[in-house]
Amino acid sequence: QVQLVESGGGLVQAGGSLRLSCAASGRTFSSYAMGWFRQAPGKEREFVARIIWKYATTYYADSVQGRFTISRDNAKNTVYLQMDSLKPEDTALYYCAAGSGGQLVRDYAYWGQGTQVTVSS
């Protein structure tokens, strides 16, 4: 059983920062990619960033490139999303996922419950 638990969401003013965490348990994740997605009300879930666990290679959506940083801590089986220079349009429910490493929802088999990020203007 794979479990992903996100934390770190909250309310922040535009221009501020938040760091999301995703604690993974249940199996070895060295063969997986870990992704962050987000879903705003009335919109589809969209790709934000991903990291290949074994090599720590990263990829970002254009909308967050240069502002967000994804990283992982092997010892803690945890993936992070550092979000800087936040904008109101970053407001969404953020999900952590484990899977093959693409940019589509269907590329990921395991999902967390989500953590809310709200950016005020």
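Ala23 touches Gln3, Leu4, Val5, Asn77 and Thr78, leaving out residues up to four places away in sequence. Contact here means heavy atoms within 4.5 Å. The model is predicted: local features need pLDDT of at least 70, side-chain atom pairs count only at pLDDT 80 or more, and totals for chains, interfaces and linings use all residues. Residues are numbered from 1 along each chain as its sequence is written, and side-chain values use heavy atoms, with hydrogens and water left out.

Ala23 sits in strand β3, residues 18-25. Strands (E, at least two residues) are DSSP runs, numbered from the N terminus. Ala23 counts as partly exposed because its relative accessibility is 36%. The classes are buried (under 20% relative accessible area), exposed (over 50%) and partly exposed (in between), with a 1.4 Å probe and protein chains only. Asp73 is 50 residues from Ala23 in sequence. In space, the C-alpha atoms of Ala23 and Asp73 are 9.7 Å apart.

Strand β3 has pairing partners β1 and β8. Two strands pair if DSSP finds at least two bridges between them. Strand β1 (residues 3-7) runs antiparallel to β3, over 5 bridges. Strands β3 and β8 are also antiparallel, joined by 6 bridges. Ser21 of β3 is the bridge partner of Ser7. Ser21 also stands opposite Tyr80 in β8. In a regular strand the side chains alternate between the two faces of the sheet.

The largest nonpolar core has 34 residues. Such a core is a set of buried Ala, Val, Leu, Ile, Met, Phe, Trp, Tyr and Cys residues joined through side-chain atoms within 4.5 Å. Met34, Trp36, Leu81, Met83 and Tyr94 touch the most other members. At least two core residues come from each of β3, β4 (33-39), β5 (46-52), β7 (68-73), β8 (78-83), β9 (92-99) and β11 (115-120). Strand β9 gives the most, with 5 residues. Beyond its neighbours within four places in sequence, Leu81 is in contact with residues including Leu18, Leu20, Trp36, Val48, Phe68, Ile70 and Tyr94.

Arg67 lies in the loop between β6 (58-60) and β7. Arg67 is buried, because its relative accessible area is 11%. Its side chain makes a polar contact of 2.8 Å with the side chain of Asp90. A polar contact is a pair of N or O atoms within 3.5 Å; within protein, one must be able to donate a hydrogen and the other to accept it, and residues adjacent in sequence count only if both atoms are side-chain atoms. A polar atom of the Arg67 side chain also lies 2.9 Å from the backbone oxygen of Ser85.

Definitions and conventions
Helix = DSSP H or I, 4+ residues; strand = E, 2+ residues; numbered from the N terminus.
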